[in-house]
Amino acid sequence: MDNSYWLETTKRPQFEKLNKDIEVDVCIIGAGITGISTAYMLLNKGLKICLIDKGEVCSGVTENTTAKITSQHGLIYDYLIKTFGKEYAQKYFESNEEAIKGIKEIIKKENIECDFERVENYIYTCKDEYIQKIKDEVDAVRNIGGNAEFVEKSNLPFEIKAGIKLTNQAKFHPLKYLYGLVEVIKRNNIDIFTNSRVVEIKKKSEGYNVNTEDEKTIAAKYVVMSTHYPIKNFPGMHFLKMYQDRSYAIAIKPNKKLSKEIYISAESPVASFRPINDEFLIIGGAEHKTGENSVDLDISYKQLETYAKEIYPKAEIEYRWATQDCVSIDKVPYIGDFSNLMPNIYVATGYKKWGMTTSYVAAKIISDKILKKENEYEEIYKATRFAPIGNYKEFGNMLKQTVYSLAINKLKIPDTAFDEIEKNSGGVVEYKGKKIGAYKDENGKLFIIEPYCAHLGCELSWNNLEKTWDCPCHGSRYTYEGKVITEPTVKDLKKL
């Protein structure tokens, strides 16, 4: 079943499209965990607020999470101390610890049944060369006040070489939590509009006009882009500061007793383990950059399923799904002012797969800024930063990929001719001396598009696993018909 466990075990609340021009104080674009959390934190503050989404509520990355609520975002703290200093790393840690505590308090206050549970989080390795990295991370977390422990054993069904254990982390059912928040928001008269794609944000004399593809306008003093990837390119230029990454997950019935703790490997390829109650286990991994056509996407799920069967021979595969994450080049999310040139527009992006805690941090920073309150963590997540770039290698790779897709690849002659396209497959092909994007369904019907991203013009890659067109530059994705799936693009592809 190609849906997440979370989606299949809840009923999504429904809302209407925006069908008229309106005026609000705060327009929040994107009704995922960040947008909903931000709206919640602005309740009862005397502001008129609306949430708007191109799809349904929580229908993007939020519904495809592994739902780990943790401060340990990979081997991050040793890196942060060496790159930005101890105080910076300490604030990053404290902001995420506060997020775990804050989520728990919201659940208690609003009486939301969402299977919230405190658990231990582990980062483990099965390779000798990562043992010292684990030890360095343990020392780093202890150095900033965290309760980290070095371990050499775990409850995983295989031996590990080393691991870092962090106590008092958490997990929950994300959609039960968010649908609970949505009910609270509705009771407080916040308007939620779905299936209403925003295509433009325009400055006006006081505030902004947020325009939809159906030519409806929201006039707002404050605008929050909680759209996973910012839908506005300039002057923020976040497309120069991060890339998008796809990964996959399966939920299995291991048919054996499961422990409660959560795990992720230090080394690549990443393997993530997250139990759900006593019945299911989520195994995640097989990550790659979005649009990377050197990856055989057809084997992404097979890799996870084969791995699951190796360690749980009696496992039954019940659910499978894919997700996409924005990764900043310095490994720190961008939260706060979109640009110094456009006051009162805010952005939250670059979560690097750790959206459960980061979304709370973002909602708190942005709501505090709107309410003119000081936030002690605002400076470390500053969205307008560009230097120092902590990862020169990744920055170079991003530029190289962009140049390749924008210029070099456009000159290459496709390997496949138009008449060689098989049923239920597609690709960039040559037709009468011109490149086109073509997909042929199982009945032989053809869907033809111009194979260049509507965001900045990069040549698209065909994703035969999910039957989508993916951009290797900035991660925009489209259906085989050319309809937008994922930001930063806001325009459909041109049909031919």
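**Figure 1. Helix H3 passes helix H4 in a right-handed crossing.** This is a predicted model. Helix H3 covers residues 77-84, and helix H4 covers residues 86-110. Their axes come within 7 Å. The axes cross at roughly 140 degrees. H3 and H4 are therefore oblique to each other. From H3, the contact is made by Tyr77, Leu80, Ile81 and Phe84. From H4, Lys86, Tyr88, Ala89, Tyr92 and Phe93 take part. By class, the contact of H3 with H4 has 8 nonpolar residues and 1 charged residue. It has no polar residues.

**Figure 2. Helix H2 passes helix H6 in a left-handed crossing.** Two packed helices are described by the angle between their axes and the distance between the axes. Here the angle is about 40 degrees, and the axes lie 10 Å apart. That angle makes H2 oblique to H6. H2 spans residues 33-41, and H6 spans residues 174-187. On the H2 side, the contact is made by Ile33, Ile36, Ala39 and Tyr40. On the H6 side, the residues are Leu178, Leu181, Val182, Val184 and Ile185. The contact of H2 with H6 divides into 9 nonpolar residues, no polar and no charged.

**Figure 3. Tyrosine 122 and tyrosine 263 form a stacked aromatic pair.** The structure holds 23 aromatic pairs. This view shows one of them, tyrosine 122 with tyrosine 263. The rings lie 4.8 Å apart, centre to centre. Their planes are 20 degrees apart. Tyrosine 122 lies in strand S4 (residues 117-125). Tyrosine 263 lies in strand S12 (residues 262-265). The pair therefore ties together parts that are 141 residues apart in sequence.

**Figure 4. Strands S18, S19 and S20 form an open sheet.** Strands of a sheet pair through backbone hydrogen bonds, either parallel or antiparallel. In this sheet of 3 strands, the pairing is antiparallel. The order is S18-S19-S20. Strand S18 (425-431) and strand S20 (446-449) are the edge strands. Each of these edge strands pairs on one side only. From one strand to the next, the twist averages 30 degrees.

**Figure 5. Strands S18 and S19 meet in a hairpin.** S18 is joined to strand S19 (residues 434-440) by 7 bridges. The two strands run antiparallel. Glycine 427 stands opposite alanine 438 in S19. Valine 428 has glycine 437 of S19 as its bridge partner. Between the strands of the hairpin are 2 residues. At lysine 432 in this hairpin, phi is positive, near 55 degrees.

**Figure 6. Strands S21, S22, S23 and S24 form an open sheet.** This sheet has 4 strands, in the order S21-S22-S23-S24. The pairing is antiparallel. Its edge strands are S21 (461-463) and S24 (484-486). S21 and S24 each pair on one side only. The twist averages 35 degrees from one strand to the next.

**Figure 7. Tryptophan 462 has tryptophan 469 as its bridge partner in S22.** This close-up stays with the sheet of S21-S22-S23-S24. S21 and strand S22 (residues 468-470) are joined by 3 bridges. These two strands run antiparallel.

**Figure 8. Serine 268 and proline 269 are joined by a cis peptide bond.** Most residues other than glycine have a negative phi, and most peptide bonds are trans. For the bond between serine 268 and proline 269, omega is about -5 degrees. Proline 269 lies in the loop between S12 and strand S13 (271-276).

**Figure 9. The peptide bond from glutamate 487 to proline 488 is cis.** Its omega is near 15 degrees. Proline 488 is found in the segment after S24.

**Figure 10. Asparagine 168 has a positive phi.** The value is near 65 degrees, in a residue other than glycine. Asparagine 168 sits in strand S6 (residues 162-171).

Definitions and conventions:
Residues are numbered from 1 along each chain as its sequence is written. This is a predicted model: local features need pLDDT of at least 70, side-chain atom pairs count only at pLDDT 80 or more; totals for chains, interfaces and linings use all residues. Side-chain values use heavy atoms; hydrogens and water are left out. Two strands pair if DSSP finds at least two bridges between them. Axes are lines fitted to C-alpha atoms, for helices over the stretch in contact, and angles run from 0 to 180 degrees between N-to-C directions. Angles under 35 degrees count as roughly parallel, over 145 as roughly antiparallel, 65 to 115 as roughly perpendicular and the rest as oblique. A crossing is left-handed if the near helix is turned anticlockwise from the far one by less than a right angle, and right-handed if clockwise. Contact means heavy atoms within 4.5 Å. Ala, Val, Leu, Ile, Met, Phe, Trp, Tyr, Cys and Pro count as nonpolar, Asp, Glu, Lys and Arg as charged, and the others, Gly among them, as polar. Rings of Phe, Tyr and Trp (its six-membered ring) pair if their centres lie within 6.5 Å; planes under 30 degrees apart count as stacked, over 60 as edge-to-face and the rest as tilted.
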